[in-house]
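Subject: Structure for your review

Dear colleague,

I am handing over the structure below, and my notes on it follow. Please read them alongside the coordinates.

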Amino acid sequence: MIIDTHCHFDMMPTPELYLKEQEAMHNISIGMTNLPSHFAMGIEHVKSYRYSRLALGLHPLYACEKKSELLLFNQYVDKTSYIGEIGLDFSSEGLPTKEDQMIVLNNILLQIAGKNKIISVHSRRAEKVLFDMLCQHDIRNVIFHWYSGPLTLIPQIVERGYYFSINERMTKTDSGRKIIERIPEDRILTETDAPYNKVCSIKNTLVDIGISEEVVYSNFSRLISTIRK
């Protein structure tokens, strides 16, 4: 069983065909959405699947122009156990909207605080600020998607009980491999970030880092047990 904790099947050319193929193989797919309106369009289609789930998201790079969608986020927050993609992006692309991103994220964290959710976060160039905000709101069950931040922050993220989802592309770079080496095996999950990431075979990822599907399944099972209480 392959577990993809972060993909965007709603952005694929034929989402229904993709999900039917994954369902036939009993592969777990957690689909992120970039906007609450995307979640609203997709949730009824995904409900019928056994192994596929749709997450409610508001991507940080849309935070400025789509701030009005916060109302829609609040409307749908109790319709799913999965939240993503949310977070912060202080790269050159996202830095101009830094303040708006933090306002939007603060509102989202207020909505999900205390709820049993699994949350996938985007943290590019904003890892420490994001981590501090998650701690301030006492947010649980967080997965740091495609982490590329400082190695020194990884122990703090682990101590908090958070997870990391890694993909094949991370295993192909020196920086990615150094990050993966610092993550305890029991905190590793897998992702594709498809269709945006083209180097995304989960089977290749597992081979490259030397862990089994069973280990990832055990980690994922431990995580989802928190939303079944």
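Helix 4 and helix 5 are roughly parallel to each other, a term used for angles under 35 degrees, with over 145 counted as roughly antiparallel, 65 to 115 as roughly perpendicular and the rest as oblique. The axes of helix 4 (residues 98-112) and helix 5 (residues 127-136) come within 10 Å and cross at roughly 30 degrees, where axes are lines fitted to C-alpha atoms over the stretch in contact, and angles run from 0 to 180 degrees between N-to-C directions. Helices (H or I, at least four residues) and strands (E, at least two) are DSSP runs numbered from the N terminus.

This is a predicted model, in which local features need pLDDT of at least 70 and side-chain atom pairs count only at pLDDT 80 or more, while totals for chains, interfaces and linings use all residues. Residues are numbered from 1 along each chain as its sequence is written, and side-chain values use heavy atoms, with hydrogens and water left out.

In the contact between the two helices, Met-102, Leu-105, Asn-106 and Leu-109 of helix 4 meet Val-129, Leu-130, Met-133 and Leu-134 of helix 5, contact meaning heavy atoms within 4.5 Å. These residues divide into 7 nonpolar, 1 polar and no charged, with Ala, Val, Leu, Ile, Met, Phe, Trp, Tyr, Cys and Pro counted as nonpolar, Asp, Glu, Lys and Arg as charged, and the others, Gly among them, as polar.

Not counting residues up to four places away in sequence, Ile-112 touches Phe-73, Val-77, Ile-83, Ile-86, Ile-119 and Ile-139.

Some backbone geometry also deserves a look. Most residues other than glycine have a negative phi, and most peptide bonds are trans. The peptide bond from Gly-84 to Glu-85 is cis, with omega near 10 degrees, and Glu-85 lies in strand 4 (residues 82-87). Another cis bond joins Ala-194 and Pro-195, with omega about 5 degrees.

Asn-141, although not a glycine, has a positive phi of about 60 degrees; this residue is buried, with a relative accessible area of 12%, where buried means under 20%, exposed over 50% and partly exposed in between (1.4 Å probe, protein chains only). Asp-193 likewise has a positive phi of about 60 degrees and is buried at 8% relative accessibility.

Best regards
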